[in-house]
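Reader: Please set out the aromatic contacts of the structure below.

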Amino acid sequence: MPSLDNWIEKPQEIIQKIYEKHSGSSPWEKEVDDYFTSRLTNTETWTSIPSLNEVLIKDLRHGQLVRFRGMFQDQLGPEMYGSGALVKNTTSGSQKNVTGKFKDELCLGLDEEVVNWNTTESRSCYYCVPIPGETPWVKQIFREKNSLSGLQPSRPVSIGKKRPLEEEDDNEMMDLGESNKRPCPLTNANPSMSVTNGNLDKILNFPLPSSESVGCIVKIYSEDEVPLNDVLEVVGVLSFNTPGVSDDEEREDFQPPSSIVPRIHCIGSQKWQHNNPYIISYSGQKWNEESAAVVELSATIRDELHGLFTEFFLGDSLAADYLLCHLMSRVYNRKDSLALGKLSLNLTNVPIDNAVLQESFPRFLFSLLERLVTKAHYLPMSLENLNTLRMIPKKDYQENRLIAGCLQLSSQTHLVLDETAMTEGQLIADGVRNVTAIGNISSWQKIEYDFNYHQVEFHTDIPVLILSERRSIVATDVNLPLRLNMSRGRPFAELIEKLETNAELLMQMRNYLTVTRLLPFKLNDAIQEAVQQDFIQSRAPGQANPMSTEDFHLLLVLSRLLALTYGKTELLDVSLWQRAKAMEAERKSRLSNSSR
């Protein structure tokens, strides 16, 4: 068996040796799985594998192991492949069994031929894209980590600015040791799509514009399905071999050239609950240790963040409170049609073209958030954008693929909508559908994908923050009029620059926002009974401001989120419940004054 030193560079040799050892009988697959799993459980070993996200394709070799972190954007049709073949040497007459698993083609010698295929099996195929909205600091840290692993990091590449595609020959990226081999297709795939720089965007089909220019097709051999929009990092065998077809064959599925969309035959994967590069764990003992270290500092970091947001909102500490709670929000459960845990937020009285500020308030708020969270997207709600942008994913039956929309986002992608960009005019039918889709995310955390003859509902977990002059056209859980003290105004650029000068504090803020929102939370029976009694008493005869059921549910959400901002996993007393009530009382007072 090959030495351990080259299991990353030449995994197929190891797989083939194990296959031959068992003569292709069933135990061979378990031994392959055990072999690679035993190595991939080590975090340092996992991260030592080159990543397609950070390393240029031209610097990788066909057949080696690679990593790719991305969102599963589309599930392609299942692919039949020859999992084993009997190969004969026409010169010597000798025969051998060769596995077709974890590859797109058998590479046969010039004097070799397939006598027969032993078995045919099916594998699942998914199209994966770089994580939509992944913020620049996250990409940078991952690049730096890749560089520290001794791998050559890639340079940021803008879509449409690659070197001419006709200069990219798949054979450049193949192992030179296979130059005397000829390919033997294993699949029914058909890569007839021609590629030019002009249709690169269409091929890559990213939900959001990205500086990265690599998507990939991941081929999975287990029976478990991966839900669309989940974020995973996969490890697998890189393939630049795409089976050829004759001109008269009809393409059955989306099969872009592998020089643009390489294939990865999955050997291992990790589902990511977050994509914070500072915190490498997602569960288990390591996660418990890392999260405990963050929670220990949570009260201090919360105060730092609250102070930062208060300064940005020019002294409006209530806005800082609600923004912190908004950043903690996530859907932790669903009951009937309700998404429990969400908190969509509409900040109104947002200044535009203000002579004191002389800066775009919405853009600088997004710029601030983009430096703190790991995934975010800023969307100006101009009439043109609403009427012309593809926001809702749509099925293309001709190419049998899901055409991405800008609302196809993974969980915990912060969506910042700038309604101050809206101008007078009329929404056309597409604009109405887009506004409806945004509203469904804000109110119900769901979106309906367009499958032409029917709509398919997908659950989301996308925190929605809307910035507007008046109440938004989109319904939100909370509407808060800002009270900005213009006399305290300072250039927002200076505030962001000040934040970036303290690298240690900035890292702690990022880790705090990642960890605290993922903490488990429970409401113990005693506190639950106390808040229910408070609700009943508020509705007793003679009470001036009886609490509605909607108010009660919002207060429960706010209490939970306030607790999480302090790193608490349960309410120990009613103090945070009372704090939530005070916040809501002040907010309603502002709304009352604003309506006069």
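Reader: How many aromatic pairs does the structure hold?

Author: This is a predicted model, in which local features need pLDDT of at least 70, side-chain atom pairs count only at pLDDT 80 or more, and totals for chains, interfaces and linings use all residues. Residues are numbered from 1 along each chain as its sequence is written, and side-chain values use heavy atoms, with hydrogens and water left out. Rings of Phe, Tyr and Trp (its six-membered ring) pair if their centres lie within 6.5 Å; planes under 30 degrees apart count as stacked, over 60 as edge-to-face and the rest as tilted. The number of aromatic pairs in the structure is 18.

Reader: What is the geometry of the pair formed by tyrosine 19 and tryptophan 28?

Author: Both tyrosine 19 and tryptophan 28 are buried (buried means under 20% relative accessible area, exposed over 50%, partly exposed in between; 1.4 Å probe, protein chains only). Their centres are 4.9 Å apart, with 90 degrees between the planes, so by the definition over 60 the pair is edge-to-face.

Reader: How many residues apart in sequence are the parts tied together by phenylalanine 364 and phenylalanine 492?

Author: These two rings form a tilted pair, 5.9 Å centre to centre with 40 degrees between the planes. Phenylalanine 364 lies in helix H9 (residues 361-370) and phenylalanine 492 in helix H12 (residues 492-501); helices (H or I, at least four residues) are DSSP runs, numbered from the N terminus. The pair therefore ties together parts whose separation in sequence is 128 residues.

Reader: Is phenylalanine 492 buried or exposed?

Author: Phenylalanine 364 is partly exposed, with a relative accessible area of 21%. Phenylalanine 492 has a relative accessible area of 1%, so this residue is buried.

Note on methods:
Helices (H or I, at least four residues) and strands (E, at least two) are DSSP runs, numbered from the N terminus.
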